Amino acid sequence: VSDTTPAGLTFVSNTGACTTAFPCNLGTVPAGETRTITTTFSVPANYAGANPIVNLASVTSPTDPGGPRQDDATTPIGDAVAELLIEKTANVQQALPGATITYTIVVGNAGPSDATNVVVTDPVPAGLNFIANSGACTNAFPCSLGTIAPGQTRTITSSYLVRSDFPGGASIVNVATATSPNDPGGPISDDASVPTVPRGETVAVPVDNPLALLLLMLGAAGIAGRTLQRRRRAIDG
């Protein structure tokens, strides 16, 4: 038995009466008996070959004067279907005026086909000023990510400045949306919500935050200055 792999497909395996690649030697088949071969081919996510796919199998035997015998199976190719995934996270737990918030947007494709012409949008929330994008996109939104193959991801890192007039006591909600023309479930969105500090309240800031380091330095300088003044007054007294 012979069976040429159709153009654009990849042979995966044979099982049953043949466990090797074609051609397969089935030996002697007695009258009235049959042999069954199950063949698996892989269709790539970006398949652009003939539609439908025609797969032709042939069988020969020196004792069959009418051979070789052939039969084919025809399989139509449907539209490419992808499933986009998106996740958005922020690097801070609270928003401080004058500080920078960094968001990470991860866009993936669960397949089975390529996600083509993927576009990510992300309107700037009130209270923030857009600074820059890096990673899979280096310009302002909307970002064109092109094609994402099944199982692959693209990551965008976005930086924003919290304006000094941001509304205290609210939450800054930043929503990112990804679309692809061959994702029937799209567009798909995810958001990251960062609460702002109510006006008049203070908040503990991680020391790895540049603003926090500045506040700590200024605070320490102020405390040292007041302590020195009190000591001088005590000596003078």
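Biologist: Is Phe11 buried, exposed or partly exposed?
Modeller: Partly exposed, because its relative accessible area is 28%. Buried would need under 20%. Keep in mind that this is a predicted model.

Biologist: How many aromatic pairs does the structure hold?
Modeller: Five aromatic pairs. Phe11 and Phe41 make one of them. Their ring centres are 6.0 Å apart.

Biologist: Why is that pair edge-to-face?
Modeller: The planes of Phe11 and Phe41 sit at 70°.

Biologist: Where in the chain are the two residues?
Modeller: Phe11 is in strand β2, residues 10-16. Phe41 is in strand β3, residues 37-42.

Biologist: New topic. What about the rings of Phe130 and Tyr160?
Modeller: That pair is edge-to-face, with planes at 70° and centres 5.6 Å apart. Phe130 lies in strand β9, residues 128-135. Tyr160 lies in strand β11, residues 153-162. So the pair ties together parts that are 30 residues apart in sequence.

Biologist: Which of these counts as partly exposed?
Modeller: Phe130, at 28% relative accessibility. Tyr160 is buried, with a relative accessible area of 0%.

Biologist: Which residues form one aromatic cluster?
Modeller: Tyr103, Phe130, Phe141 and Tyr160.

Biologist: What sits over the ring of Tyr103?
Modeller: The charged end of Lys88. It is 4.7 Å from the ring centre.

Technical notes:
Residues are numbered from 1 along each chain as its sequence is written. This is a predicted model: local features need pLDDT of at least 70, side-chain atom pairs count only at pLDDT 80 or more; totals for chains, interfaces and linings use all residues. Side-chain values use heavy atoms; hydrogens and water are left out. Rings of Phe, Tyr and Trp (its six-membered ring) pair if their centres lie within 6.5 Å; planes under 30 degrees apart count as stacked, over 60 as edge-to-face and the rest as tilted. Helices (H or I, at least four residues) and strands (E, at least two) are DSSP runs, numbered from the N terminus. Buried means under 20% relative accessible area, exposed over 50%, partly exposed in between (1.4 Å probe, protein chains only). A charge sits over a ring if NZ of Lys or CZ of Arg is within 6 Å of the ring centre and within 35 degrees of the ring normal.
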